[in-house]
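Subject: Structure handover

Hi,

Here is the structure I promised to pass on.

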Amino acid sequence: MAEKATVAVIGCGGVAGYAHLPALVKMDNVQLVGVCDIDAAKAKEKADRFGGKVYTDYRKMLAELKPQRVHVLTPESVHVAPALDALKSGADVLIEKPLAESVASCRKLTGAANGERLIGIDYNYRFIPVMEKAHEVVRDGGIGDLLGISLACHNFCWHHCLDLSRWLAGPVTRVRATEGRKAQADPGAPLRAFPSHHPTVMLGHPMVASAQLEHEHGAITHITTTSQFDLQDLMFEMRLIGTHGWLRIDQVRIEDVVGRLRRFRTRHEEGGVTPASNGELIEFYPASRGGLPISFSASIRAFHRAADSRLAAPTSAEYGAEIVAIETAARKAVDEGRAVKLSEVM
Ligand SMILES: NC(=O)c1ccc[n+]([C@@H]2O[C@H](COP(=O)([O-])OP(=O)(O)OC[C@H]3O[C@@H](n4cnc5c(N)ncnc54)[C@H](O)[C@@H]3O)[C@@H](O)[C@H]2O)c1
């Protein structure tokens, strides 16, 4: 059997503990060699559970262990420096989303990779079973040409919903966005926003905001993002509207992300007969049921498979830069009250 690739993680907080480390230790093509956090207790706790040598200084870890691959799991505002150092040390790097806080920083990362090192971004929602199936149905023409996407999501899922929209409907050319003003007038309202969201890229509004994306091939996406959903009830709901029918994706919950997919045919395909209101349930059989670790594990495995065979990761640095550009355009659209072309911020 081929030698296992050595892997180290930088950042030993939430996502390291419930997603990355449990996935890594179950894989037979990698070996966890180091865990680093500026908080020594967190690094030690993860090493006790999953293995690897403990560090509080990632530069020291990179110099001593020279890992072949590094997962950057630091807060959103702290992705760039560790990722740059890891790339310069010769490692391939899987970075949590979003890639960076600006398109310029994304470019720095691409430059440091120099076409030799692999960069992957952990947009793992596309590995949520219902999303994999929906993508397949759209790709195979199951609803005709994709005309539009309608999405409602928790703020926690905003970055991922941009990835899902771009993945399903192709490149984005122009963005409009609005933040609701209600929360500003009502500071006592309950907040369930997640603190790790980076304020310069996130539509920062705690209560509700919406964005409209125009895709190069003519489709449009509309996303409403809010802190008011409970992730146990709903992470996101999506409708994919095509020339011959539409898909409804629901029941995606943080403890059970498998989700439900239904297809509704448009009338002209039904010969004028109104379709049943429940639509046709599309069955799919994921290998396991459960929460977000399912899609994390699939996403992490896909990155390491790509690294094993020296192929591009499912989501490259260029792709990550495009999503950061959409986020930047949305921010600019809110601030300037106008539609922003992606070319203005790329
Ligand atoms: N893909 C997903 O679905 C998903 C879900 C949750 C979080 N995330 C992302 O994962 C990343 C981490 O999120 P989290 O919830 O685990 O945050 P967290 O705050 O729980 O953990 C981050 C850890 O990084 C450590 N850290 C900060 N600076 C460091 C440095 N210079 N060197 C070493 N360690 C450092 C902190 O001490 C902390 O323990 C964020 O980018 C977040 O957006 C992704």
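The axes of α7 and helix α10 (residues 317–336) come within 10 Å and cross at roughly 115 degrees. Axes here are lines fitted to C-alpha atoms, for helices over the stretch in contact, and angles run from 0 to 180 degrees between N-to-C directions. From α7, the contact uses Leu 162, Asp 163 and Arg 166; from α10, Glu 322, Ile 323, Ile 326 and Glu 327. (Contact means C-beta atoms, placed from the backbone, within 7 Å.) By class, that is three nonpolar, no polar and four charged residues. Ala, Val, Leu, Ile, Met, Phe, Trp, Tyr, Cys and Pro count as nonpolar; Asp, Glu, Lys and Arg as charged; the others, Gly among them, as polar. The crossing of α7 and α10 is right-handed: the near helix is turned clockwise from the far one by less than a right angle.

This is a predicted model: local features need pLDDT of at least 70, side-chain atom pairs count only at pLDDT 80 or more, and totals for chains, interfaces and linings use all residues. Residues are numbered from 1 along each chain as its sequence is written.

Overall make-up

The protein chain has ten helices and 15 strands. Both are DSSP runs, numbered from the N terminus: helices are H or I with at least four residues, strands E with at least two. Of the 346 residues in the protein chain, 47% are buried. (Buried means 20 or more other C-beta atoms within 10 Å of the residue's own, with C-beta atoms placed from the backbone.)

The sheet

Nine strands form an open sheet with mixed pairing, in the order β14-β13-β12-β11-β7-β10-β9-β8-β15.

Start at the β15 end. β8 pairs with β15 in the antiparallel sense over two bridges, and Arg 174 stands opposite Lys 341 in β15. β8 also pairs with β9, again antiparallel, over seven bridges. There, the partner of Arg 174 is Glu 214. Glu 214 in turn has Ile 220 of β10 as a bridge partner. Strands β9 (residues 208–215) and β10 (residues 220–226) run antiparallel and are joined by seven bridges.

Further along, a hairpin joins β11 to β12 through two residues. These two strands run antiparallel with five bridges, and Ile 241 stands opposite Trp 246 in β12. Next, β12 and β13 (residues 260–265) pair in the antiparallel sense over six bridges. Arg 248 has Arg 262 of β13 as its bridge partner.

Helices on the sheet

Which strands does α7 lie across? Helix α7 (residues 158–169) lies across β7 (146–154), β8 (172–179), β9, β10 and β11 (236–242), at about 170 degrees to β7.

In α6 (residues 129–139), the buried residues are Pro 129, Val 130, Met 131, Lys 133, Ala 134 and Val 138. They pack against β7, α7, β11, β12 and β13. Just after α6, Gly 141 takes a positive phi of about 80 degrees.

The ligand

Of the 24 residues around the ligand, Gly 11, Gly 13, Gly 14, Val 15 and Glu 96 come nearest. (A residue counts as near if its C-beta atom, placed from the backbone, lies within 6 Å.) The shell divides into eleven nonpolar, six polar and seven charged residues. Helix α1 (residues 14–26) gives the most to this shell, with three residues.

Best wishes

Note on methods: Two strands pair if DSSP finds at least two bridges between them. Two residues are in contact if their C-beta atoms, placed from the backbone, lie within 7 Å. A residue is buried if 20 or more other C-beta atoms lie within 10 Å of its own, exposed if 12 or fewer, and partly exposed in between; C-beta atoms are placed from the backbone.
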